[in-house]
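Biologist: I am new to this kind of picture, and I would like to learn how to read it feature by feature. Could you show me the structure and then take me through it?

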Amino acid sequence: MKKFVLGLVSLFLLAASSLSGANVATLDGWGITNLTPDGAKSRIDAQKTIADIAKKSHAMILPTAKDVSKVLARGAGGLALSIAVEELLDAVDWVLDPANNQIVYTLPPEKNPKLYPFLYGPDSAFLAIEPSSSCILQNAANAGSWVGEITYSNNGGPYGKCVGENFHGWEVNKYPNLNYDPNAKPEEKTLPLETVAAQVISNAESDDADAQAATTAAAQDILNEAEQDAAKAQPIVNQLEANAKEDDVCYEEWSFEVNQCDVWRFEGPDEDPDRWYRACKDRAADRLRLCYRNGGQPDPFAPPPWSKNDL
């Protein structure tokens, strides 16, 4: 039984908040306009205005297990968490322990027989903590047709029998549990939250919508951090720039020329040290406009890039 489950409404709010946050993010002049799941990745759509021209691009963010675990730890992505834990641990009782970034779960009773004074079965091969569990084991081993009923006896014979459709049933005897410990308690174990997050990422890769809500939230966190940290933003900006240049000669040339303008930083007159730097960037912008007006090819009549000849 799962002890921690978040409702669908929370997931929808999570997705909505991710998109609304993406609308206001800006990275090195690129305004993020959309954030959508694509498998375990999140696609960023962005736009940058250069020389009065709106240039569009995109980038992909693939959150790590550590990134997604932070989303799970704060209580978001509850359904994705619940599904992933069940896939990893099957049906167990568990709780989220966000302070220690882990799942705490209790082993199922059949994994800890020391808790029970008696075991049931025909012999040592099919012992179980309950008579019905022994019937299930025997039915599976013998490809039988147990109907889910047990008859019990008080005449000194077998403790009971597993009732079948066309037979009298398998015997179920009651045995003292030699490993019984009256002081034993249900055994608790832990599962790192990053392990669960890795399963969430795997589920998102298979286009599971609940898992994608968690990975998209992690991608939004990455964007939020990138807005405040140029080093974290750079890989995303590099993608945006590279994709913007793809099949776009005009933008590729403009990007190269603008980078070359850095040599003019602080080289202007004393009263305005960045005058030539701004002039260089303005020239690059003019050449970009003319390139686009020329059908996406460099205009042969455009002025050359800014140089010492313009001083």
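Modeller: Strands of a sheet pair through backbone hydrogen bonds, and the pairing is either parallel or antiparallel. In this model, which is a predicted one, strand E5 and strand E6 (residues 102-106) pair in the antiparallel sense over five bridges. Within that pairing, Asp93 stands opposite Thr106 in E6.

Biologist: In what order do the strands of this sheet lie, and which strands are at its edges?

Modeller: The sheet is an open one of three strands, arranged in the order E5-E6-E11 with antiparallel pairing. Strand E5 (93-97) and strand E11 (188-192) are the edge strands, each of them pairing on one side only. If you look at how neighbouring strands of this sheet are turned against each other, the average is 25°, with direction ignored.

Biologist: Which helix lies across these strands?

Modeller: That is helix H3 (residues 78-89), which lies across E5, E6 and E11 and runs at about 130° to E5.

Biologist: How should I describe two helices that pack against each other?

Modeller: Two packed helices are described by the angle between their axes and the distance between the axes. Take helix H2 (residues 65-73) and helix H6 (residues 209-228), whose axes come within 9 Å and cross at roughly 105°. H2 and H6 are therefore roughly perpendicular to each other, since angles of 65 to 115 degrees count as such.

Biologist: Which residues of H2 and H6 meet?

Modeller: From H2 there are Asp67, Val68, Lys70 and Val71, and they meet Ala214, Thr215, Ala217, Ala218, Asp221, Ile222 and Glu225 in H6.

Biologist: Charged residues bring me to salt bridges; how many does a search of the whole structure find?

Modeller: Side chains of opposite charge can pair when their charged atoms come close. Here a search of the whole structure finds 15 salt bridges. One of them joins the side chains of Glu257 and Arg287, at 2.9 Å from N to O. Glu257 lies in helix H8 (residues 249-260) and Arg287 in helix H9 (residues 275-293), so this pair ties together parts that are 30 residues apart in sequence.

Biologist: Are Glu257 and Arg287 buried or exposed?

Modeller: Glu257 counts as buried because its relative accessibility is 10%, and Arg287, with a relative accessible area of 17%, is buried as well; the cut-off for buried is under 20%.

Biologist: Which residue pairs with Arg283?

Modeller: The side chain of Asp310 meets that of Arg283 in a salt bridge, at 3.1 Å from N to O. Asp310 lies in the segment after H9, whereas Arg283 lies in helix H9, so the pair ties together parts that are 27 residues apart in sequence. Asp310 is partly exposed, with a relative accessible area of 29%, while Arg283 is buried at 15%.

Biologist: Where do Arg289 and Asp286 lie?

Modeller: Both Arg289 and Asp286 lie in helix H9, three residues apart, which is about one turn of the helix. Their side chains meet in a salt bridge at 2.7 Å from N to O. Arg289 is partly exposed, with a relative accessible area of 23%, and Asp286 is partly exposed too, at 35%. Finally, salt bridges that share partners join Glu271, Asp272, Arg275 and Arg278 into one network.

Technical notes
Residues numbered from 1 in each chain as written. Predicted model: local features only at pLDDT ≥ 70, side-chain atom pairs only at ≥ 80, totals over all residues. Heavy atoms only, no water. Axes fitted to C-alpha atoms, helices over the stretch in contact; angles between N-to-C directions. Helix = DSSP H or I, 4+ residues; strand = E, 2+ residues; numbered from the N terminus. Parallel < 35°, antiparallel > 145°, perpendicular 65-115°, else oblique. Contact = heavy atoms within 4.5 Å. Pairing = 2+ DSSP bridges. Salt bridge = Lys/Arg side-chain N within 4 Å of Asp/Glu carboxyl O. Buried < 20%, exposed > 50% of the residue type's maximum accessible area, 1.4 Å probe, protein only.
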